[in-house]
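My entries follow in the order in which I made them.

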Amino acid sequence: MRNYLVFTIAAPMASFGMKYDPGEWRNSSNRPSKSGVLGLVAAALGIEREEQHRIDALSLLNFAVRVDQPGQPAYDYHTAQVPPQKRNRRFATRADELAVAKHELKTTLSTREYRTNAFSTAALWFRTGVIEAPFSLWSIAEALKAPRFNLYAGRKSHPLMLPCAPEVVEADDVLAAFSVYDDATKRVAEFKKSYFESEGQATPKPTVYCDADDPAAASSTRIEQRRDVPESRTKWRFGVRQEAVIAPRGGQT
């Protein structure tokens, strides 16, 4: 048995990035990434972007997410002015890009993908062997109840539409942890059911994606690689992890 922190992530609009470099097409996954959820936790704890050592401490946590409703895709078309690339010229901020001579600016086109009415349930727990950490699951739970910074689903324009309703539960694996959480937060489950019905959407069979070292991974249908482990906030660099996909028959994958 181990302790899991389980909480809800629900937003009317969300963006769960799959690519971390800018381009003409910025797509969205059907679920929150590990880096995105750890970023949400960092915001709740009041961790500034420059505090790399505090961000690094979040790597002590394992991660899982249950996709209760992946949401419907939506698209937004963007045009933006950017300076052309030149050798040995880099820009630290958007303001620096726009500070170049006007005749140098070019127009770039891009399409952004979003998710509407997305519901997920996330779980965090300490990696095996972790004895000491600068925070506990209970302190994170309290921070999610009264976050220091605003919480949002991928972009600042996408605030959450429900409280996170965090609970620390004890279970044998992450699947059991989700079940215990559902029993402890019946009002959340009832709201999701009534919300889906009001939108004319059927409640899908949820798929669980979890770090492959959880005991629940033994029942996975496949193992995937996912590049969403935050390594450097300043360099926007992410590492690879093994993710187990636990999909019920007829579930969303």
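The entries below go from the ground rules to the helices and then to single residues.

**Ground rules.** I am working with a predicted model, in which local features need pLDDT of at least 70 and side-chain atom pairs count only at pLDDT 80 or more, whereas totals for chains, interfaces and linings use all residues. Residues are numbered from 1 along each chain as its sequence is written, and side-chain values use heavy atoms, with hydrogens and water left out.

**Helix α1.** I took helices (H or I, at least four residues) and strands (E, at least two) as DSSP runs, numbered from the N terminus. I began with α1, which has 12 residues and reaches 16 Å from its first C-alpha to its last, close to the 16 Å expected at 1.5 Å a residue; the expected span is 1.5 Å times one less than the number of residues. For burial I used relative accessible area, with buried meaning under 20%, exposed over 50% and partly exposed in between (1.4 Å probe, protein chains only). By that rule 10 of the 12 residues of α1 are buried, so this helix is largely enclosed by the rest of the structure. Among the buried ones I listed Lys 34, Ser 35, Val 37 and Leu 38.

**α1 against α4.** Two packed helices are described by the angle between their axes and the distance between the axes. I found α1 (residues 34-45) and α4 (residues 137-145) packed at an angle of about 80°, with their axes 8 Å apart. That makes α1 roughly perpendicular to α4, on a scale where under 35 degrees is roughly parallel, over 145 roughly antiparallel, 65 to 115 roughly perpendicular and the rest oblique. The axes are lines fitted to C-alpha atoms, for helices over the stretch in contact, and the angles run from 0 to 180 degrees between N-to-C directions. Taking contact as heavy atoms within 4.5 Å, I noted Leu 40, Val 41, Ala 44 and Leu 45 of α1 meeting Ser 139, Ile 140, Ala 143 and Leu 144 of α4. By class, this contact has 7 nonpolar, 1 polar and no charged residues; the classes are Ala, Val, Leu, Ile, Met, Phe, Trp, Tyr, Cys and Pro as nonpolar, Asp, Glu, Lys and Arg as charged, and the others, Gly among them, as polar.

**Ser 139.** I then checked Ser 139 in helix α4 and found that, at 29% relative accessibility, Ser 139 counts as partly exposed. Its C-alpha atom is separated by 33 Å from that of Asn 27, which is 112 residues apart from it along the chain.

**Helix α5.** Which residues are buried in helix α5 (residues 174-184)? I recorded Val 174, Ala 177, Phe 178 and Tyr 181. They cover an arc of only 100° around the axis, which puts them on the same side of α5; the arc is that of the directions from the helix axis to the C-beta atoms. These buried residues of α5 pack against β1, β3, β5, β6 and β7.

**Helix α6.** The 13 residues of α6 (residues 186-198) should span 18 Å at 1.5 Å a residue, and the end C-alpha atoms are 18 Å apart, which agrees. I listed Val 188, Lys 192, Tyr 195 and Phe 196 as the buried residues of α6. They cover an arc of only 95° around the axis, which puts them on the same side of α6, and what covers them includes β1 (2-14), β3 (61-69) and β5 (106-126). On the other side of α6, I found Arg 187, Glu 190, Glu 197 and Ser 198 exposed.

**Two loop serines.** Ser 15 is in the loop between β1 and β2 (25-26), and is buried, with a relative accessible area of 10%. Leaving out residues up to four places away in sequence, I found Ser 15 touching Ser 28, Glu 113, Tyr 114, Ala 153, Gly 154, Arg 155 and His 158. Ser 28 is in the loop between β2 and α1, and is buried too, with a relative accessible area of 4%.

Most residues other than glycine have a negative phi, and most peptide bonds are trans.
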